[in-house]
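Thanks, everyone. Please have a look at the structure on the screen, and then I'll walk you through how its pieces pack.

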Amino acid sequence: MTTPTSAKHVVLVVDDEEYIRDLVRTALGFSGFEVVVAADGVTALSETRRIRPDLIVLDINMPGFDGFEVVRRLRDSGDSTPVVFLTARDSTDDLISGLTGGGDDYITKPFSLEELVVRVQAVIRRTAAVAVDERHVVNFADVEMDERAHRVSRNSRAIDLAPTEFNLLRYFLVNPEVVLSKQQILDHVWDYDFTGDKNVVEIYVGYLRRKTEKHGPRLIHTVRGFGYVLRVEP
């Protein structure tokens, strides 16, 4: 197998089941992606270093390193490649583990190939938007976001955010004092017609709160029955 050299987005598909690798590779290939496959976690890590993919579609249940361990090792090494988890697990606990462990999206088996392609496209769009946005600094209260440098701080203390967390915080920052519904957040941050578990918004808001509240009081508040709002409360 040779390293992809085209200008297409490169996706690494990791699953220990050959027929799933073939299905996903074919679907993504028809949608214009360059696809490389791996059958286990160890190979996934080496292929990520070799080809520097734009995104990884990653199974969780694999022999050796499972998907969570693969992502942990990537993030510990400073690799922020976006990850879409692909798994037979569908509990809320697994969803939380996947997303707070460094994943950017999560789709359960059995799945629609069309939905998988749309989600991959959406994650690539929103992570690419973070990288190329030409606007500079967005502020609210004591939070500062430098979009070009991809840096966030509160009270001058750095906050480390994954791409989806960054986009979620940015959506709040450019809509201060506005109550945003879960559906609005899904439409703008996840960037596709989401029909799955809307708990993904609650999970990401909770994760973002934990990171920002290390350096100050709560800014992202729940408005029961409506959604969330970024504001300073007395």
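First, a term: axes are lines fitted to C-alpha atoms, for helices over the stretch in contact, and angles run from 0 to 180 degrees between N-to-C directions. Helices (H or I, at least four residues) and strands (E, at least two) are DSSP runs, numbered from the N terminus. This is a predicted model, where local features need pLDDT of at least 70, side-chain atom pairs count only at pLDDT 80 or more, and totals for chains, interfaces and linings use all residues. Residues are numbered from 1 along each chain as its sequence is written, and side-chain values use heavy atoms, with hydrogens and water left out.

Start with helix 2 (residues 41–51) and helix 3 (residues 67–76). Their axes come within 9 Å and cross at roughly 30°. That makes the two helices roughly parallel. Angles under 35 degrees count as roughly parallel, over 145 as roughly antiparallel, 65 to 115 as roughly perpendicular, and the rest as oblique. Who touches whom? G41, A44, L45 and T48 of helix 2 meet V70, R73 and L74 of helix 3. Contact here means heavy atoms within 4.5 Å. Those residues split into four nonpolar, two polar and one charged. For the classes, Ala, Val, Leu, Ile, Met, Phe, Trp, Tyr, Cys and Pro are nonpolar, Asp, Glu, Lys and Arg are charged, and the others, Gly among them, are polar.

Next pair. Helix 7 (residues 182–190) and helix 8 (residues 199–212) pack at about 80°, axes 10 Å apart. They are therefore roughly perpendicular to each other. Helix 7 brings K182, I185, L186 and W190, and helix 8 brings V200, V201, E202 and Y204. That contact has six nonpolar, no polar and two charged residues.

Four strands form an open sheet, in the order 6-7-8-9, with antiparallel pairing. Two strands pair if DSSP finds at least two bridges between them. Strand 6 (137–140) and strand 9 (157–159) stand at the edges with a single partner each, so one side of each has no neighbour in the sheet. The twist averages 25° from one strand to the next. Helix 6 (residues 163–173) packs on the sheet, touching strand 6, strand 7 (143–146) and strand 8, and its direction makes about 120° with that of strand 7.

Last, the pairings. Four bridges join strand 7 to strand 8, with D146 opposite R151. Their hairpin has four residues between the strands, and H150 takes a positive phi near 55° there. Three bridges join strand 8 (residues 151–154) to strand 9. V152 stands opposite I159, and S153 has A158 as its bridge partner.
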